[in-house]
Amino acid sequence: MEEILDFLTRLHDNNTREWFDAHRKEWTQVRGLVATLAEELIEGIATFDPSVQGLRVQDCTYRIARDTRFSNDKSPYKNWIGIFVAPHGKKSGYAGYYLHLAPKGDRLVGDHMLISGIYCPDSLLLRSVREEIFDNGDELMRSIDAARGFRLNTDNKLKRLPAGFPADCQFAELLKQKDWCLEKPVDKTFLLSDDFVARAVAEFRKTYPFIRQINRAVQYAFEEMM
């Protein structure tokens, strides 16, 4: 892990194609370490969430190169690494378990983080999750409370209740959410611990009831599309 974090720190300070090309051999080594980490996380998470069994590294990891076509920031490379373990892979639309490594932070997620949830679902999935909350909000609240050490990120939400839901709904604040993510900041000491993967898996396990309920709504939406 220390080699991964060290490389990301130096990439943050030298985010150019020239620097990256000069350190490409080192990146190849780091990428191998990330792949091993992803494999271990998949294996660990599958012990309590069998829906992620059989995932490959490429299903859960991202390219280091940035797409700068529509961004004012033209830095060619990401200064972070993410591993997203979700049923059917990172592009499936399902909720999952995300490890974010960012020694210098980044503008979207911030610093090192464990996150469980669904981010920016499309309109059909969004509606299905909201209907699940409206019908079974008590269950979701219990799942959030059970994920001790995690907090629900409320940065991305509507100011008003979405159309079609009664104004007096007791779960109004949850229904305003545009995504549902439980997050837990972690520090370098946590990441560099000898049993890091086991500790991360234990933390993610706390969020399984939350993920299971969200994905129940996602699965229902997909079945409705058929």
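**View 1. A cluster of aromatic rings.** Ring pairs join Phe7, Trp19, Phe20, Trp27 and Tyr77 into a cluster; rings of Phe, Tyr and Trp (its six-membered ring) pair if their centres lie within 6.5 Å, with planes under 30 degrees apart called stacked, over 60 edge-to-face and the rest tilted. This is a predicted model, where local features need pLDDT of at least 70, side-chain atom pairs count only at pLDDT 80 or more, and totals for chains, interfaces and linings use all residues. Side-chain values use heavy atoms, leaving out hydrogens and water, and residues are numbered from 1 along each chain as its sequence is written.

**View 2. Phe7 meets Trp19.** By the ring rule, the count is twelve aromatic pairs. Phe7 and Trp19 form a tilted one, 5.7 Å centre to centre with 45 degrees between the planes. Phe7 lies in helix H1 (residues 2–13) and Trp19 in helix H2 (residues 17–22), so the pair ties together parts twelve residues apart in sequence. Helices (H or I, at least four residues) and strands (E, at least two) are DSSP runs, numbered from the N terminus. Phe7 is buried at 0% relative accessibility, and Trp19 is buried at 13%; buried means under 20% relative accessible area, exposed over 50%, partly exposed in between (1.4 Å probe, protein chains only).

**View 3. The open sheet.** Here five strands form an open sheet, ordered E1-E2-E3-E5-E4, with antiparallel pairing; two strands pair if DSSP finds at least two bridges between them. Strands E1 (81–85) and E4 (151–152) stand at the edges, each with a single partner strand, so one side of each has no neighbour in the sheet. Two bridges join E4 to the antiparallel strand E5 (residues 180–185), and Arg151 stands opposite Glu183 in E5.
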